Every structure is written in structure tokens, then in C-alpha cells.
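Me: Please take me through this fold by question and answer, with the cut-offs stated.

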Amino acid sequence: MLTDPLPFLLATPTWDCGTLEPPQDLITRLTAYARQGCVPAPADFAQALLRVRRDPHAAAQAEALATDEGRRLAAWLTADGAPAPHTRHVTDRGPRTWWGGQQDMPRRIVLELPEHQVIQKEFPAVFHPLGRPRTATGHCWHWRGQELAHLAVLPQDRETQAVWLLPDLTGCAIGEDRGAGEVLSRLAELGGPAGPALHLAVATALGARHTEDRLAAVDALLVLAATGELDTALLGRDLAELLRLGTVKPNRLADAARTAAATGAYATTWAVLAGALPAVLDDGPARGAGELLAVAADCVEHCGAGGPLPEGLAPAAARKGTSQLATQARRLRTALDNPPATAERGRLTLTLGERGA
């Protein structure tokens, strides 16, 4: 039984996504605590730090509180709260422990996280698992099923959560797993940097086996595009690498891209595909390349994009015959060489702008 209850919780979110604003709420609450002589509960304050939007400009206000919590908040808003930098590499082919047991796994991209020392050393023990190193070479049994909880616990750290989620998304692309995309579409709506980990997660899910996971990846892509956080060149490069590794299949990517384009996001979809197409053309056309080229051509015809041809497109367009690959390659080359009138491009850009608003 509490004999000296706290006046209110520090970690109550400002926004429904779980984010806590530093000046308007957390600093104001810490000021009220200091005025009343209240000592914050360690778990409540730790959760507040994990939820707070990392605004370095608010650090001076936090420091001015002249309390231990104010100084910790100031440090968290500047350096201590920065996500741990992840590393990226491609695994060798071979047997791996995967969800469901040992399987002969293909080569694939994995991301790994080092220890987050501030969380490990300064946070209550219940939070320590969040700061432990993460080796993403297979599904992590300890975290399975807790993804939705992480959205509320770490609403300002999409990159870390994307690293955690990538093994599940990879399982959805190269195996029979399903359902991880649901978390990805919600993750895209949170705060913090939308960096390389999140982009790789979206790229992987665009090639998921099951339709619902691909639809969720499209939702995530459109969310990032609407907020101006989508790096189409980065996403295209990731897709190219995943296509070469075989993690993403061209026909599944074509289906996802077609869905994205159907929302009116023709220019965005083309900007992504432009970077991915060389992977299905440069080493000899891959199975499903014609279907992917058809979606790309449709996007270019609608948005009026011009510019250089993707690597490998010219030889594909020069192929004789009426195969889908040759036909769609010629169609895409023609569309890129002959963009429509400026007025049509302007009309379509306005449509996309209205959607993003």
C-alpha cells in the first residue's frame, strides 16, 4: 500500500503514439515535482526518458532545474539518448537456428546492435533488456510477441525497433512467416530518425510472401513519403541488394509497387524502382523482371519522369521478340525518353500533394 503516493506520472504520453514532449510536459512535470519536494519513481522517470522527444534545444531548460533528474534529462536529450549505432553485414549461406528450428538459410542482410551502456548502467533492472546487444541472425525467442509493447515503450527510437523487427520481416520474405508487417506499418508512424534500419525493414517487407505483410510495407512507405522522411534512393539501393541476394522476389516487389502506385504515388514508386531495377537486369534478366518493368513503365507514364535509363534497361529493350521483358523494357525506355507535357506532370504532382496533406 502506498503511504506517500506521487502527484502524477512523469511518463504519461503527450501524443497517442506514446511520445512525450520535453518542454511542454516532462520539464513542467519535473518542475512541479521539485516544487512539491517529490522524488520521481525510478521506473516512471526511466520510461519518461525513453518516451521523450529528443529535442536538444530543451536541454538547457532541463539543466536549469538544478536537480539530478534535470541533469539526466539534459544529457539524454543531447548524447545519452542517441540510439546505439547498428552494424550491417551479409550472412553466409548455411544452417541457422530460425523460428521453427534449424534450416538451411540463404545469404541475407542482418543488422546488429551493441550494448546501450546508459540504459544498462543507469536505468532500473527491468529496462536492461532494452539496452542489451542484439545479434539479428535469427528470431529472438525472448522478444517474440512483444513488438507492439515496444511501440509504446520506445516511441522515439524507430531505428532500434527496426533492427529488432528485421529478423521477423526476413522470415516473412524467405519463409512462411507472416504478421510482422503489421508492426512495421505502425512503427513508421512513430518518432525518432527514419534511418537505414527502418528503410531496410520496409524494403524487406515489400518482398514478403503474404499479401497482408506487403500491404503493411506499402502503408509504411506511404507514411514516410507523406512526412518527407522517405529516402527513395536508399530504399531503391536496399531493394537492389535484397533482390540480388534473393530475399526479395521480383514478382512480389512488383505486386507491392503496383499497390503503392495505385494510390497515386507514381513518382515516389518510380523513384524507388529506378534504383532497384538494375538488380533484375544487369546479370541477365531475373524471373519476374518483366512484371516489375511493367509497373515501372506504368509509373513513368503517369508521373512524366525523364532522365537516364536504369543500368541494364537498354540491352533488355534491345532484345528481339515479344516477351514481357522485352516489351515492357521498350515501353519503359520510350516513356523515359518521351516524358509527357509539363501540365500533366503538374496535375499529378498536385494529386500526390493533396494525398500527403
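Predicted model: local features only at pLDDT ≥ 70, side-chain atom pairs only at ≥ 80, totals over all residues.

Me: How many helices and strands does the protein chain have?

Reply: Helices (H or I, at least four residues) and strands (E, at least two) are DSSP runs, numbered from the N terminus. On that basis the protein chain has 18 helices and five strands.

Me: What percentage of the residues of the protein chain count as buried?

Reply: Buried means under 20% relative accessible area, exposed over 50%, and partly exposed in between, with a 1.4 Å probe and protein chains only. Of the 357 residues in the protein chain, the share that counts as buried is 50%.

Me: Among contacts between residues at least 6 apart in sequence, what percentage join residues at least 24 apart?

Reply: Contact means heavy atoms within 4.5 Å. For such contacts in the protein chain, the share joining residues at least 24 apart is 70%.

Me: What is the strand order in the open sheet of three strands?

Reply: Two strands pair if DSSP finds at least two bridges between them. Strand E1 (residues 87–90) pairs with E4 in the antiparallel sense over four bridges, and two bridges join E4 to strand E5 (residues 134–135), again antiparallel. E1 and E5 stand at the edges with a single partner strand each, so one side of each has no neighbour in the sheet. The order is E1-E4-E5.

Me: Which residue of E4 is the bridge partner of Arg88, and which residue of E5 is that of Glu112?

Reply: Arg88 has its bridge partner in E4, namely Leu111. For Glu112 the bridge partner lies in E5 and is Thr135.

Me: How many of the five residues of strand E4 are buried?

Reply: In a regular strand the side chains alternate between the two faces of the sheet. Both faces of E4 are covered, with Ile109, Leu111 and Leu113 buried on one side and Val110 and Glu112 buried on the other. Strand E4 (residues 109–113) is largely enclosed by the rest of the structure, because the number of its residues that are buried is five of the five.

Me: At about what angle to E4 does H7 run?

Reply: Axes are lines fitted to C-alpha atoms, for helices over the stretch in contact, and angles run from 0 to 180 degrees between N-to-C directions. H7 lies across E4 and E5, and its angle to E4 is about 135°.

Me: How are H7 and H9 oriented: roughly parallel or roughly antiparallel?

Reply: Angles under 35 degrees count as roughly parallel, over 145 as roughly antiparallel, 65 to 115 as roughly perpendicular and the rest as oblique. Helix H7 (residues 158–174) and helix H9 (residues 196–205) pack at about 20°, with axes 8 Å apart. H7 is therefore, relative to H9, roughly parallel.

Me: At roughly what angle do the axes of H8 and H10 cross?

Reply: In the contact, Ala180, Gly181, Glu182, Leu184 and Ser185 of H8 meet Asp213, Ala216, Ala217, Asp219 and Ala220 of H10. The axes of helix H8 (residues 180–187) and helix H10 (residues 211–226) come within 8 Å, and they cross at roughly 10°.

Me: Is Pro23 buried, partly exposed or exposed, and what is its relative accessibility?

Reply: Pro23 is in helix H1 (residues 22–36). Beyond its neighbours within four places in sequence, Pro23 is in contact with Thr28, Ala58 and Gln61. Pro23 counts as partly exposed, because its relative accessibility is 23%.

Me: What is the relative accessible area of Leu292?

Reply: Leu292 sits in helix H15 (residues 289–303). Leaving aside neighbours within four places in sequence, Leu292 is in contact with Pro250, Leu253, Ala254, Leu273, Leu277 and Val280. Leu292 is buried, and its relative accessible area is 0%.

Me: What distance separates the C-alpha atoms of Leu292 and Ala256?

Reply: Along the chain, Leu292 and Ala256 are 36 residues apart. Between their C-alpha atoms the separation is 9.9 Å.

How values were computed:
Residues numbered from 1 in each chain as written. Heavy atoms only, no water.
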